Amino acid sequence: MSDEELAKDLGLVSAMTIGIGTMIGAGIFVLPGVAVNADGGAGPIVVVSFVVGGVIAMVNALSVSELGTAMPKAGGGYYYINKSLGPMFGSIAGMGDWMGLAFASAFYCIGFGQYLAVFVGLPTVPGLNAIQVGALVAGAVFIGVNYVGAKETGGVQTVIVTLLLSILAVFSVAGFFSFDYATLAGNEGGLAPGGYGAILPGTALVFVSFLGYAKIATVAEELKNPGRNLPIAIIGSVGIVTVIYAVLVTTMLGVVPWPELSQDAPVAQAARVAFPESIGPVTGVAAGAAAVMTVGALLATASSANASILASARINFAMGRDKIVTNWLNEIHPNYATPYRSILVTGGLIVVFIALLGQDIEILSKAASVLHLIVYALMNVGLIVFREADTPEYDPDFTVPFYPITPILGALLSLGLVAFMDGIEIALSGAFVVAAVAWYFLYARDKTDQQGVLSEFIRSRESDLPDQVVDAADAVAPTGAGNDEPTIMVAVSNPRTESALITLAGAIAQHEGGRVLATHIVTVPDQTSLEKAAENRTGLDQSSEELLSAAASDAEAFDVPIETKTILSHRGIEEVFDAARTNDADTVVMGYGGTRFAGGRVEGSLDELTHDLPCDFLVLDGQRLDLSDVLVPTAGGPSSDLSAEVALALRETAGVDVSLLYVVDEGDEASGREFLAGWADGHGLGDADLRIETGGVEETIGRVGEGYDLVIVGATERGLLSRIVRGSLAFETIENLDTPVLLSERPSARSLWQRLFGGR
Amino acid sequence: MTTPDDSDGQSLLGHVLLPVAHEEDALATARALEPYDPERVTALHVVEKGEGVPDKTPVEQSEELAAQSYAAVRTVFPDADEHTAYARDVVGAIFDAADEVDASAVAYRSRGGNRLMQFLSGDISLRLATTAPLPVIALPQGDDGE
């Protein structure tokens, strides 16, 4: 079993538990009383409000399922949005998700306080009411438990949810027997005293009861068989919870007339009425039932808060990974192995929210909903971007039905529901969005290197799209460097060329302030398993070690760090590409002979592979380098930019003289000189020797190159390397020239693969 | 019964399994073991799994932590092997790993903490010492290295 498999230990039931446990919380235990009495009395119609909330959640659940199966990564919504829409929207999503969770947790704590007040008399403190005091105590306990990471809380979660569902089931049954339709509908104004217009404001209020299904996606990487279990768990938990809510609220309202429903602890009140005072000789059943419901409410709110605090640490981690927030936040506690700083910061926010806004539970619940809804809307847009940009790596196991209607509907419903919130929550959430954008421009933009698929999409269609769109994409693009120090990977294979390759790599690394990674790729016949080869590697080790230690000592001439690595592989050149990707190389230096070791084997994928280079490639034909002057023939283009950089590096580190060559047709010398001078200036080679020659390009390069120690030739078109590798390009310049030739090829744009998954 | 010093038996420090929690702990633990000159060392990091509930930290972060820990061990024992286990039961995972890599002993350094914290985090030291199927070596604390 691979390590990756071992890390997956959450089954379908566990995943459902996370979703249901988070959703069933303060929302259903506290809000029915508030909702029916809202705005002068919405009445029993709030049952419909809950169902509408469930429908909106379900549409979004479909989108989350698709995104989650495509990218089972820690971070959930933030991660998808950052990948698709780029780091500015990523910042909004991350901040929105994080703050949304903090608001939701504060709301759960208040709910906990309200039910706690049923049991014990809570003191009041100046500025805080009794419920807030209870909520603050509860909040402190939840934060403490997560800080220490007491494992025992984990096992309890499943028990809590099971218990909770049983308690609610018993309540529903008892409620069914004491249900009276007259109680439900017989009040003044009938079923909808506030009119049907009260439905959506009601949904806005109670939507907080549905926050939680997306949490399943934040732990997707821990799920067994995520392709199947993730969608079932997300969609299933939304479905189950919606049904439970509809039944519960209907039952409550059929037991207690809605104008009398408690605004603090409605479920306990309904239980007291629903259960008979005595069953046979046992008295006090109703009071007991109310007590059990109260315990249930406490457990439910506690598990919701707990899950939310944990989820916020996941989001912090994902943001830290993309450098949107400092990784300081994600430091792990030495003893408890918990992301304690993230938990403390989130905890601090929860405490502040409880203390400042806890008097009005509606503000907390709606602020949590607004922020989550913004994230959901962005997530739906992100899904459309992934689909439309036709990203090959985007390959979800689950796809939303009725695309593109579903995600469009999801975005519209999410934003539409925001419109039914009150000004204060919208303003509060708006402030956080503004703060997130400000944060991105002031802090994160210089740090992050993540580009969204959207900006890739826009830039790749630069000519088809209005300038404003392209400019806008550029204006918000991240400016952070991909890697702090570039990695120059050298694929050494032959002791005779090793020194020359290391010299080139060392010069470039020193010039760019990077490091050298010397790899020896050992090709193992297909018939031999890699494990077997590793076992019998004594002889192999020796030659590999000699080669790599020679490389290390050659690199000492340069002031750069060097790492060495032996890689066993069944593949030849393909492994070079793989190694370049996995080691996050910025430049690969290899020998011409090295490209030949794939020789003869025509691999179907090779063409594609070399057509889409993972990074800059430099291929040296020649065994020794003894440099005093180099020639760079140029005709412009990305690969000759690379040639210029190499020449510059050699001049800086080895003091070589650089000559530039431009081959023109007869009569074009003057304009050629102008072009070359401009090109030289643009590449920091303004003082180089400029040579304008006429004649055939290859033949001229060959003739002029004779007089130099090295000729650096940039590929003039994509796929040059692939043709060399397959031997289909008769590159006579190389074959016939005694002078060593360095071929350079730069990918014309960073490949999408790299943008999506590389460059961490 | 054979004694550990039997020539056909493995010597106590023949292959030491070194459970480490994080970079700092790994360095301190490896340094504490260094003076006794073990023949072979395998560094072990147990990723605590929830087994039914989400972990305390994302998998990716846990694995980063493991990699840093191994690197720290290798600054002291350059040839140290590494082994990553995933389990809710840390102590059980240590012994399973010892069996798997065929270790002669487990060497660990208590990470301190008061009784309450040890209790909450499952008191690994106590369980290591009381349920061991192979020798368990408690390394000296040596706060300031050597």
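Modeller: Before we start, two residues are in contact here if their C-beta atoms, placed from the backbone, lie within 7 Å. This is a predicted model, where local features need pLDDT of at least 70, side-chain atom pairs count only at pLDDT 80 or more, and totals for chains, interfaces and linings use all residues. Residues are numbered from 1 along each chain as its sequence is written, while chains are lettered from A and ligands numbered from 1 in the order in which they are written.

Biologist: OK, chain A: what share of the contacts with a separation of 6 or more comes from residues 24 or more positions apart?

Modeller: In chain A that share is 82%. For chain B it comes to 78%.

Biologist: And how many helices and strands in chain A?

Modeller: Chain A has 32 helices and 12 strands. Those are DSSP runs numbered from the N terminus, H or I of at least four residues for helices and E of at least two for strands.

Biologist: How much of chain A is buried?

Modeller: Of its 760 residues, 54% are buried. Buried means 20 or more other C-beta atoms lie within 10 Å of a residue's own, with C-beta atoms placed from the backbone.

Biologist: Why call α6(A) largely enclosed?

Modeller: Because 30 of the 33 residues of α6(A) are buried. Its length agrees with expectation too: α6(A), residues 87-119, should span 48 Å at 1.5 Å a residue, and its end C-alpha atoms are 47 Å apart. The expected span is 1.5 Å times one less than the number of residues.

Biologist: Switching to packing, at what angle do α4(A) and α16(A) pack?

Modeller: About 55°, with the axes of α4(A) (residues 46-70) and α16(A) (residues 361-389) 10 Å apart. Axes are lines fitted to C-alpha atoms, for helices over the stretch in contact, and angles run from 0 to 180 degrees between N-to-C directions. The two helices are therefore oblique to each other, oblique being whatever is left after under 35 degrees (roughly parallel), over 145 (roughly antiparallel) and 65 to 115 (roughly perpendicular).

Biologist: Which residues of α16(A) make that contact?

Modeller: Tyr376(A), Met379(A), Asn380(A) and Leu383(A). On the α4(A) side, Val64(A) and Leu67(A) are among them.

Biologist: And α2(A) with α12(A), how do they cross?

Modeller: The axes of α2(A) (residues 12-23) and α12(A) (residues 226-255) come within 9 Å and cross at roughly 40°. Contacting residues include Gly19(A) of α2(A) and Gly236(A) of α12(A).

Biologist: Last one, what pattern does chain B follow?

Modeller: Along the sequence, chain B reads β-α-β-α-β-α-β-α-α-β. Of its 146 residues, 40% count as buried.

Note on methods: Buried ≥ 20, exposed ≤ 12 C-beta atoms within 10 Å, placed from the backbone.
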